[in-house]
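Hi,

Here is the structure I promised you. Have a look at it first, then read my notes below.

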Amino acid sequence: PRRLDDIVACLQFAAEQGLSVHPRGAGTGVAGESLGRGIILDLSAHFRTIREIGAEDVVVEPGVVVGQLNRVLARSGRQFGPDPAHVDVSTMGGVVSRNGSGSRFLRYGAARDQLRAVQIVLADGSVHRFSRHTLRPLEPSTGGMWAQRVAELVRRHPEALETYRPEVPSSGAGYALAETVGDDAVDLAKLIAGSEGTLGVLVELRLATHALPACQGVALLFFRRFHEAAQVAGEVPLAGLSACDLLDRRLLDLAAQETATYGKWIPPGTEALLLLEAVGATRAEVAGALQAAMSSGIPESCLAGPTRVSLEPHDVAEAWRLAKHIVARLARLTGTTRPVPFIEDVAVPRNRLASFLADARQLLRGSGLIASFYSHAGHGQVHVRPFLDLQHPGHRTLMPRLARAFFDAVLASGGRISTEHAWGLSRSWYLKERLPALHRLWCDVKELFDPLRLLNPGKLGDPDPPPLTAHLRGAESARRAAAPAPAGTPASGEANHVVGASDKEPTLSSGRA
Ligand SMILES: Cc1cc2nc3c(=O)[nH]c(=O)nc-3n(C[C@H](O)[C@H](O)[C@H](O)COP(=O)(O)OP(=O)(O)OC[C@H]3O[C@@H](n4cnc5c(N)ncnc54)[C@H](O)[C@@H]3O)c2cc1C
């Protein structure tokens with residue numbers, strides 16, 4: 001689409017023809033959230049205008065790329081706060097629609113926190129401006145009317161929200177009813193944030209911006225053992241820190257292979273890296289915040305080598321290049337056995353992070369798998385990618401069992417599923433299975449906005465989301481393949497030292513500590 005009218009016409013045509021419509025930005029989402037049969041509505045080609053730059057906010061079209069926006073905002077000393085990994089391609093529509101965030105969640109929060117208002121085309125082709133709308137007194141506008149309808153749905157099912165009350169700071173992807181529907185007002189814009197293109201097509205976003213920090217600094221702590229690094233990550237004082245990320249050896253090995261500098265930075269025997277960042281008005285303030293975090297009782301014996309502290313912009317940029325680009329590098333590994341994102345986005349309360357990670361590693365080992373771990377540990381967020389061979393029927397069978405055990409443990413820990421990536425095709429099935437009351441309420445919300453289920457079906461708000469493995473590539477060859485490989489045997493063509501999937505039911509003991 002080139003113009004608003006094109007989107008309206010497209011939705012009307014889709015309704016007449018009974019076709020689904022899948023809004024799409026850059027297509028970098030890893031949960032299949034912009035995929036499906038029907039019309040792919042690509043907002044990244046033409047909706048790329050920054051419409052207005054205010055003193056503390058900005059109005060953009062959804063196809064504006066995050067990095068492009070930040071380059072423009074930087075001229076006036078501002079930025080969009082949340083920092084998803086792919087800022088050079090991810091679109092603002094995609095970031096907002098999943099409530100994206102990144103390493104600097106501690107300082108800026110997520111996309112939903114920035115969103116003030118949206119212009120949206122609903123499934124029937126009607127165009128609306130949504131923001132926060134009062135119920136008492138009822139705002140005399142279409143926004144007020146929609147707010148009242150949503151509030152009424154929630155009022156009818158108060159128990160549904162009680163079944164899922166994660167104890168983590170991120171409000172995550174999905175319909176954030178608990179956070180946006182109050183007695184006096186409903187913030188429809190923030191409800192649309194995280195709705196993954198299932199409630200409407202965003203055509204304009206008004207978002208808060210933040211002052212660029214005058215000074216930044218990083219500290220890189222290299223640990224001999226992953227679990228000790230996780231323990232420190234869960235306890236380090238966060239005052240003054242803008243980021244606290246944890247990377248495992250698998251990611252560090254990739255970094256060292258790719259860039260000689262990182263090979264020199266990372267001491268031999270390193271099993272984990274803790275990356276701390278502080279920002280502030282002066283170098284002294286930044287150095288003080290890093291020092292306070294580092295002198296919080298981290299035993300010298302845990303460290304594999306000297307800690308690298310730098311306030312130089314070049315070093316700070318290099319440190320973040322290591323952290324952010326290396327996860328994308330995982331996807332380019334060759335061989336049939338590859339890191340697969342399907343349980344890759346959860347969060348647990350920070351004080352339970354170390355025990356959760358230990359149990360998760362145990363679960364994967366028990367299933368005969370290795371995995372890479374990256375955690376935005378400051379807010380308990382965990383990205384884990386098990387290495388699987390999707391041509392291997394045993395591995396495909398293992399996926400849902402593993403996912404169930406893993407997500408069950410997240411819920412038992414008071415955690416959240418789908419924190420900055422989507423529910424999409426990867427996880428919507430679990431919501432129906434394990435949180436049925438919430439799933440029904442989300443289906444009601446979906447029906448309210450999109451009764452014909454035209455927008456991005458099969459995901460959030462779908463009464464019958466497909467099983468996890470329904471849309472995996474290579475399904476045909478996997479079906480043709482022979483019986484599952486016996487446990488403990490290497491998968492054919494494997495490049496990443498993964499052993500075959502175990503037939504045992506995965507279990508994970510993690511619960512509330
Ligand atoms: C290696 C790797 C690392 C990543 N790291 C991060 C990270 O640190 N933080 C993070 O938040 N994400 C991360 N992601 C996920 C992904 O990059 C982000 O989700 C990204 O913001 C999506 O933007 P996009 O433009 O590619 O959106 P898409 O993938 O195209 O779409 C995402 C969702 O938004 C919907 N959508 C897009 N535009 C509109 C619109 N105009 N109206 C309505 N709905 C719309 C789509 O339907 C879909 O549901 C990572 C992904 C990869 C592969």
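How far is an oxygen atom of the ligand from an N or O atom in the side chain of R98? In this predicted model, that distance is 2.4 Å. Taken on its own, the ligand has 960 Å² of accessible area, and the protein covers 96% of that.

Now for the surroundings. In total, 34 residues surround the ligand, and the closest are P23, T28, T91, R98 and S101. Sorted by class, this shell has 17 polar, 12 nonpolar and five charged residues. Helix α3 gives the most, with four.

Why does the ligand lie between domain 1 (4-211) and domain 3 (338-480)? Because both of these domains give residues to the shell around it.

One more thing to look at is a pair of helices. Helix α17 (residues 424-434) packs against helix α18 (residues 436-449) at an angle of about 120 degrees, and their axes are 5 Å apart. On the α17 side, L431, K432, E433 and R434 make the contact, while α18 brings P436, L438, H439 and W442. By class, that contact has four nonpolar, three charged and one polar residue.

Cheers

Terms used. Residues numbered from 1 in each chain as written. Predicted model: local features only at pLDDT ≥ 70, side-chain atom pairs only at ≥ 80, totals over all residues. Heavy atoms only, no water. Near = heavy atom within 4 Å. Polar contact = N/O pair within 3.5 Å; in protein donor to acceptor, adjacent residues only side chain to side chain. Areas by Shrake-Rupley, 256 points an atom, 1.4 Å probe, with all protein chains shown as cover. Helix = DSSP H or I, 4+ residues; strand = E, 2+ residues; numbered from the N terminus. Nonpolar A, V, L, I, M, F, W, Y, C, P; charged D, E, K, R; others polar. Domains from an automatic or database assignment. Axes fitted to C-alpha atoms, helices over the stretch in contact; angles between N-to-C directions. Contact = heavy atoms within 4.5 Å.
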